[in-house]
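This note sets out some points for a student who is reading a protein model for the course. Please keep the sequence and the structure in view while working through the points.

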Amino acid sequence: QTKESLQFAHVMTVAMRKMPNCPNETKNTLVVGKSGVGKTTLVLNTFKELCRSGTVLSKHLSLSSASTPVGLQHLIEGFVDKISGSNWGPPPGTVLNIFIDDLSMPAPNEYGDQP
C-alpha cells in the first residue's frame, strides 16, 4: 500500500462513519476523479478492510449503458431483507455499504455512438 492509498482509506472510513448525534444515519460518500486513477480499486480495498469486522457488508454494482433504474432497484433489493412492514435493510446487527461504479454514464448522443 502507498501513503496515498492509506490516506484515501482513512478519509473514506471517516466519511462513512455514523454521526454521533444521529446514530441511525450514515453519510453517503461520492468519490470523483479522472478516468484510470484507481478510484474503484481504492474503494473496493477500503470496503474489504471494513468487512473484516463481520458487521459490515459491502456490495459492488457496475452501471453500464444498459442499466435501468428498475434493474438497479432490483439489484439493491436482492441485498436486503424485509425487517418489518415496509422497512427493508441488511441483516440485524450489520451495516450494508453499496458501491455504485460509473455513476455518471453519459446519455446517448443524437448519433447513437456514445453509450
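**Notes on the predicted model**

1. The protein contains three helices and four strands. Read from the N terminus, these elements follow the order α-α-β-α-β-β-β. Please bear in mind throughout that this is a predicted model.

2. Some totals describe the protein as a whole. Of its 115 residues, 14% are buried. The accessible surface amounts to about 8,600 Å², and carbon and sulfur atoms account for 56% of that surface. As for contacts between residues at least 6 apart in sequence, 52% of them join residues at least 24 apart.

3. Which residues make up the largest nonpolar core? This core has six residues, namely Phe8, Met12, Met16, Val43, Phe47 and Phe99. Two or more residues of the core come from each of the elements α1 and α2. The greatest share is that of α1, which supplies three residues. Phenylalanine 8, a member of this core, also deserves a look for its contacts: leaving out residues up to four places away in sequence, phenylalanine 8 touches Val31, Leu42, Val43 and Thr46.

4. The aromatic rings come next. A pair of such rings is described by how far apart the centres are and by the angle of the planes. The model has one aromatic pair. In this pair, phenylalanine 47 and phenylalanine 99 are arranged edge-to-face, with 6.4 Å from centre to centre and 80° between the planes. The angle counts as edge-to-face because it is over 60 degrees. Phenylalanine 47 belongs to helix α2 and phenylalanine 99 to strand β4 (residues 95-101), so the pair ties together parts that lie 52 residues apart in sequence. Both phenylalanine 47 and phenylalanine 99 are buried.

5. Is asparagine 97 buried or exposed? Asparagine 97, in strand β4, is buried, because its relative accessible area of 15% is under 20%. Not counting residues up to four places away in sequence, asparagine 97 touches Met16, Phe47, Leu50, Val56, Leu57, Ser58 and Lys59. Asparagine 87 sits in strand β3 (residues 87-89) and counts as partly exposed, with 45% relative accessibility. Apart from neighbours within four places in sequence, asparagine 87 is in contact with Asp81 and Lys82.

6. Charged side chains form the next point. Side chains of opposite charge can pair when their charged atoms come close. How many salt bridges does the count give? The count is one salt bridge. Here the side chains of arginine 52 and glutamate 49 meet, at 3.4 Å from N to O. Arginine 52 is exposed, because its relative accessibility of 62% is over 50%. Glutamate 49, by comparison, counts as partly exposed at 43%.

7. The last point concerns the surface. Leu30, Val32 and Leu103 form a nonpolar patch there, and together they have about 350 Å² of accessible area. Where does leucine 30 lie? Leucine 30 is found in the loop between α1 (3-16) and α2 (39-51). Leucine 30 counts as exposed, because its relative accessible area of 62% is over 50%.

Methods
Residues are numbered from 1 along each chain as its sequence is written. This is a predicted model: local features need pLDDT of at least 70, side-chain atom pairs count only at pLDDT 80 or more; totals for chains, interfaces and linings use all residues. Side-chain values use heavy atoms; hydrogens and water are left out. Patches are made of residues with over 30% relative accessible area and no salt bridge: like charges are joined within 9 Å, nonpolar side chains (Val, Leu, Ile, Met, Phe, Trp, Tyr) within 5 Å. Accessible areas come from the Shrake-Rupley method with a 1.4 Å probe; for residues, only the protein chains shown count as cover. A salt bridge is a side-chain nitrogen of Lys or Arg within 4 Å of a carboxyl oxygen of Asp or Glu. Buried means under 20% relative accessible area, exposed over 50%, partly exposed in between (1.4 Å probe, protein chains only). Rings of Phe, Tyr and Trp (its six-membered ring) pair if their centres lie within 6.5 Å; planes under 30 degrees apart count as stacked, over 60 as edge-to-face and the rest as tilted. A nonpolar core is a set of buried Ala, Val, Leu, Ile, Met, Phe, Trp, Tyr and Cys residues joined through side-chain atoms within 4.5 Å. Contact means heavy atoms within 4.5 Å.
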